[in-house]
Amino acid sequence: MLVNGAGATFPYPLYSKWFDEYAKVDPSVRFNYACIGSGGGQKQILEQTVDFGATDSPMTDENLARAPGKILHIPTVAGAVALTYKLPGSPRLRLDGAALAGIFLGEITKWNDGRLLGLNPGVNLPGADIVVVHRSDGSGSTHLFTDYLSRVSREWEARVGRGTSVKWPRGLGAKGNEGVLSWVKQLPGAIGYAELAYVRENKLPCAEIKNAAGAFIVPSLESVTEAMVAASIPEDFRFSMANAAGAGAYPIAGASWLLVYERQRDPLKGRKLVEFLNWASTQGEAMAPALDYAPLPDNLRTRILQRIKTIRY
Amino acid sequence: MKSERLWRPAAGERVFQWLVTMMALGVVALIFIIGRELAHGSQPALRRFGWRFLTGAEWDPVSEQFGALPFIFGTVVSSAIALAIAVPPSIGTAVFLTELAPRWLRQALSLFIELLAAVPSVILGLWGIFVMVPWLREYLFPLLRITLGFLPLFQGPIYGVSMLAGGIIIAIMIVPIITSVSREVLRAVPESQREAAYALGATRWEATRIAVLTYAKKGLLGAVILGLGRALGETMAVTMVIGNRPEIAASLFAPGYTLASVVANEFTETPPGIHLEALFELGLVLLGITLLVNALARLLLGTLPGPAVSPS
């Protein structure tokens, strides 16, 4: 029996591991996953060409209304977007929402701007131009970062807004996380955003970002999980954890979801899918940290398991 | 018995003709199907934006403002730069291969040109990111700014990724196709033309210029048009070095964005909606530009004197 899914690329390494491991648990079912991006995942589940979708940004009300049945968002893991940069000596920078919005809006153009110096006393910031690097391809990371910027800067919200693709006021567009990092590595004075796992793998510096509680937090699995614990999560699980409350919460973090229909058309497939979701939300979660993904906190996991019970097949 | 023997070959002949005709019609049908799918997919965008789509310079998925102008500009300018850089060396190489090179060198050089054609776009793009762009940023662009910086074309901040980098990488990709087609065209020039020139006392270069190049003008233009066609659609290598910024700037050092690049970048992650339809419309615009360029090329080739040695 083959169960087909498609969607986001961010959680793919973890999902891939899950499918491999689950084949040992239940050899009668095989999972197939196509990395076509969150937009593709949403499109395919709407058209029912796949059994489940995967997305880094929740579906809009409009698109949910177009679905032939009720679609459930099942959160699986969370990740962080880290800010990385190329400065002489690779100092550890502290940035806050206002500074980031200023930089990406093009209002703060030089590294030795007063606002940046104020946040980083004792760091020798050069008088060089800031070269902004962002994603050119539509991406869950962009959605997460712009969601965060919209929450911390009214001007950003008005001028740019949030989305998987936005109109960037300034900067170079690079393809993929790898693209952003290759430019940040090369261009002196560059600053860019990328998934935490990629930044760590490339051994690049990460900025500490000021969270809603006022503390400067390093992006890590722990600080992401803390953001999730504190986040207020509505009934339908479509939530944003950007700028979450919580003393140790990292403010630029977000979840990834699986999209399934509440009513499954095929009873056998539906049963297998539900069994897999239960396994993923329990045993699967334990595999997440090894691959640099933040597993879901217990309170959320309980709610998810309850929600999975409502799937009819 | 006799009638059977006469009947079978004729039927086979008809089947063969039918099959070949269907394949040819299939190609034509494919173009129409592609055009129709693009038009269908972009319907709502076509209705909402109308002709403003071609003149609008904003690409804002959040406020749903979509205009194709920066991408049209990027595609046209990067292709123009690519032609300017690629055509002289390509035709020069073709002339060298047909007129001047000794046989052993001819084969070796042809092999290298074919190898260049075989390099996948993505690989060339990777080379572009890690080798070409740093070199441009550290050596060529500052040099251009020092020598030609009085022109607005060579002003502004230097990142390396730029419209010019995009044009250069496209040039590298189209050199093989222009060279090989030009070579065929030049080879097809009858020997009598050259002999006549030599008989009149022409030097090597004069014979080449007067007898060969003039005769082959139409075919060479055909080769250039083929190169242009490839340049317009080139996607992966370009998007890796052009900077992906939908802005119309005077400077070649500034980042740019082409129609093919933006579709490749944004299509997969875009959920259904007006943004996706606008991307379909960009595809339609690119198809339109390609067809327009080909039509103009045919017209141009028609007005030129000389035999139709163009292999296209």
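Mentor: Let's begin with a pair: Leu72(A) stands opposite Val260(A) in S11(A). Helices (H or I, at least four residues) and strands (E, at least two) are DSSP runs, numbered from the N terminus. This is a predicted model, where local features need pLDDT of at least 70, side-chain atom pairs count only at pLDDT 80 or more, and totals for chains, interfaces and linings use all residues. Residues are numbered from 1 along each chain as its sequence is written, while chains are lettered from A and ligands numbered from 1 in the order in which they are written.

Trainee: Thanks! How many bridges join S4(A) to S11(A)?
Mentor: Nine, and these two strands run antiparallel. Strands are said to pair if DSSP finds at least two bridges between them.

Trainee: And how many join S3(A) to S11(A)?
Mentor: Three bridges, again with an antiparallel run. Within S11(A), Trp257(A) is the bridge partner of Thr55(A).

Trainee: Is strand S11 of chain A enclosed or open?
Mentor: Nine of the nine residues of S11(A), which covers residues 253-261, are buried, so the strand is largely enclosed by the rest of the structure. Buried means that 20 or more other C-beta atoms lie within 10 Å of the residue's own; exposed means 12 or fewer, partly exposed is in between, and the C-beta atoms are placed from the backbone.

Trainee: Which residues sit on each side of S11(A)?
Mentor: Ala253(A), Ala255(A), Trp257(A), Leu259(A) and Tyr261(A) are on one side, with Gly254(A), Ser256(A), Leu258(A) and Val260(A) on the other. Both faces are covered.

Trainee: Zooming out, how many helices and strands does chain A have?
Mentor: Twelve helices and eleven strands. The radius of gyration of chain A is 20 Å, close to the 20 Å that the globule rule gives for 313 residues, so the chain is as compact as a globular protein of that length. That radius is taken over C-alpha atoms, and the rule is 2.2 Å times the number of residues to the power 0.38. Buried residues make up 52% of the 313 residues in chain A.

Trainee: What about domains in chain A?
Mentor: There are domain 1 (2-79 + 256-308) and domain 2 (81-230), with bounds from an automatic or database domain assignment. Their centres, taken over C-alpha atoms, are separated by 29 Å. In chain A, 15 residues of domain 1 are in contact with twelve residues of domain 2; contact means that C-beta atoms, placed from the backbone, lie within 7 Å. On the domain 1 side, the elements giving two or more residues are H2 and S4 of chain A.

Trainee: How many residues of chain A are in contact with chain B?
Mentor: 30 residues of chain A, in contact with 24 residues of chain B. The largest share of the chain A side, six residues, comes from H2(A). By class, the residues on that side are eight nonpolar, 16 polar and six charged. Here Ala, Val, Leu, Ile, Met, Phe, Trp, Tyr, Cys and Pro count as nonpolar, Asp, Glu, Lys and Arg as charged, and the others, Gly among them, as polar.

Trainee: Last one: where is Gln48(A)?
Mentor: Gln48(A) is in the loop between helix H2 (38-46) and strand S3 (52-55) of chain A. Its phi is near 60 degrees, a positive value in a residue other than glycine. With 12 C-beta neighbours inside 10 Å, Gln48(A) counts as exposed.

Conventions
Two residues are in contact if their C-beta atoms, placed from the backbone, lie within 7 Å.
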